[in-house]
Amino acid sequence: MSESKAVAKYGLDNIKVYNSTFADSHYGIFDVMPEDKRKTHMKVICAGEEELVVGMHVIGRGADEMMQGFGVAIKMGATKADLDSCIAIHPTASEELVTMGTWGTSPQVSGAKVSPLNGASAPEPTIRLSKI
């Protein structure tokens, strides 16, 4: 889900977005100025008090391989805390997806409560009601 669709569905106050842009470590060995190295862009979109991951975007080298695995995690109801609890595989670009933001500051709630099998819908986040 895109950030704008998440805001439309859950409300701006219920969305938290993590972004990262970096030069992939694949280019680390080349004698090229850092600003000339191809960049990877990543975004994780979370919704609700438990920071349920409702969207993830990757543009860069190896994005197709990364998204396959993370797509399964999202379908199973992964939260930001679930991503934070993973061991980052170094050196890979995908390690950025499990180390974004300040580690350990997300609510420690696991989203792995709903099976993605048999066409089950992805879980919905718990939404705070706006104070009027």
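**Exercise 1.** Locate Ile29 in this predicted model and decide whether its side of the chain is buried or exposed.

*Solution.* Start with the place: Ile29 is in the loop between β1 (15–23) and β2 (39–47), where strands are DSSP runs of E with at least two residues and helices runs of H or I with at least four, both numbered from the N terminus. Next, take the relative accessible area of Ile29, which is 74%. Residues are buried under 20%, exposed over 50% and partly exposed in between, with a 1.4 Å probe and protein chains only, so Ile29 is exposed.

Residues are numbered from 1 along each chain as its sequence is written. Local features need pLDDT of at least 70, side-chain atom pairs count only at pLDDT 80 or more, totals for chains, interfaces and linings use all residues, and side-chain values use heavy atoms, without hydrogens and water.

**Exercise 2.** Describe Glu51 by its place, its phi and its burial.

*Solution.* Glu51 sits in the loop between β2 and β3. Its phi is near 55°, which is positive although Glu51 is not a glycine. Finally, the relative accessibility of Glu51 is 8%, and therefore Glu51 counts as buried.

**Exercise 3.** Find which residues of α2 are buried and what follows this helix.

*Solution.* Helix α2 covers residues 63–75, and within it Ala63, Met66 and Phe70 are buried. An α-helix has 3.6 residues a turn, so residues three or four places apart point the same way. After α2 comes Gly77, with a positive phi near 95°.

**Exercise 4.** Identify the form of the peptide bond from His90 to Pro91.

*Solution.* Pro91 belongs to the segment after α3, and with omega near 0° the bond leading from His90 to Pro91 is cis.

Technical notes. Expected span 1.5 Å × (residues − 1).
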